[in-house]
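Try each task on the structure before turning to its solution.

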Amino acid sequence: MSDGEIDPAQFRHVLARYATGVVVVSTCVDGVDHAMTANSFTSVSLAPALVLVCVDRGSRFHEAVTAATRWAVSILSADSEPQAAWFAQRGRPLAGQFAGVASTRGPTSGALLVSGALAHLECRTHAAFPGGDHDILVGRVESLSPADDREPLLYYRHHFRQLGAGQ
Ligand SMILES: Cc1cc2nc3c(=O)[nH]c(=O)nc-3n(C[C@H](O)[C@H](O)[C@H](O)COP(=O)(O)O)c2cc1C
């Protein structure tokens with residue numbers, strides 16, 4: 001079956017059956033903090049330590065992270081749904097978007113890290129590949145925060161979920 005025969009609604013319906021964690025990716029460009037909720041985050045390589053995130057070419061975060069060399073990933077905990085929803089809200093004000101979100105500045109990347117996350121990774125852009133309407137951004141991990149074992153935030157069938165919380 002060729003790509004042209006894939007119905008976009010059915011494609012979304014099928015992909016929604018793939019459960020994921022949720023991250024906030026963040027960067028700082030010319031003193032302005034940018035961030036976006038993402039679930040396309042995944043590990044790529046152990047040695048060297050590489051991760052990737054797919055970034056919508058039409059998002060404001062795309063413009064920011066393309067201009068930056070460093071960025072960060074906050075792996076969200078189950079109680080961070082409000083932050084995940086906020087950084088996914090289209091058209092939210094760019095200026096001061098971290099005003100209502102507790103965060104600390106990553107010493108390696110200069111990007112803001114969401115407080116209360118399960119873990120943080122700070123990355124330098126290693127490569128970027130075109131992927132249709134997204135770019136595949138590969139990051140070399142330059143520093144890690146220790147992870148903790150609280151419950152993760154999940155995304156499944158278009159909704160935020162928690163482990164074992166049923167439908
Ligand atoms: C659970 C969830 C996961 C998302 N994952 C991605 C993703 O992996 N890549 C992406 O480009 N957008 C993703 N989005 C959409 C962005 O968060 C959303 O478009 C955001 O408003 C972009 O902000 P910006 O335009 O200010 O950059 C996701 C949204 C949600 C709710």
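**Exercise 1.** Which of the 18 residues around the ligand come nearest?

Solution. The model is predicted, so local features need pLDDT of at least 70 and side-chain atom pairs count only at pLDDT 80 or more, while totals for chains, interfaces and linings use all residues. Residues are numbered from 1 along each chain as its sequence is written. A residue counts as near a molecule if its C-beta atom, placed from the backbone, lies within 6 Å of it. Of the 18 residues around the ligand, those that come nearest are A38, S40, D56, S59 and F61. Two or more shell residues are given by each of β3 (32-38), β5 (50-56) and α2 (60-67), where helices (H or I, at least four residues) and strands (E, at least two) are DSSP runs numbered from the N terminus. The largest share, four residues, comes from β5.

**Exercise 2.** In what order do the three strands of the open sheet lie?

Solution. Strands pair if DSSP finds at least two bridges between them, and the order found is β1-β11-β12, with antiparallel pairing. Because β1 (20-21) and β12 (159-162) stand at the edges with a single partner strand each, one side of each is left without a neighbour in the sheet. Two bridges join β1 to β11 (residues 153-156), and in β11 the bridge partner of T20 is Y155.

**Exercise 3.** How many helices and strands does the protein chain have, and what does its C-alpha trace span along the principal axes?

Solution. The secondary structure comes to three helices and twelve strands. The C-alpha trace spans about 45 × 40 × 35 Å along its principal axes.
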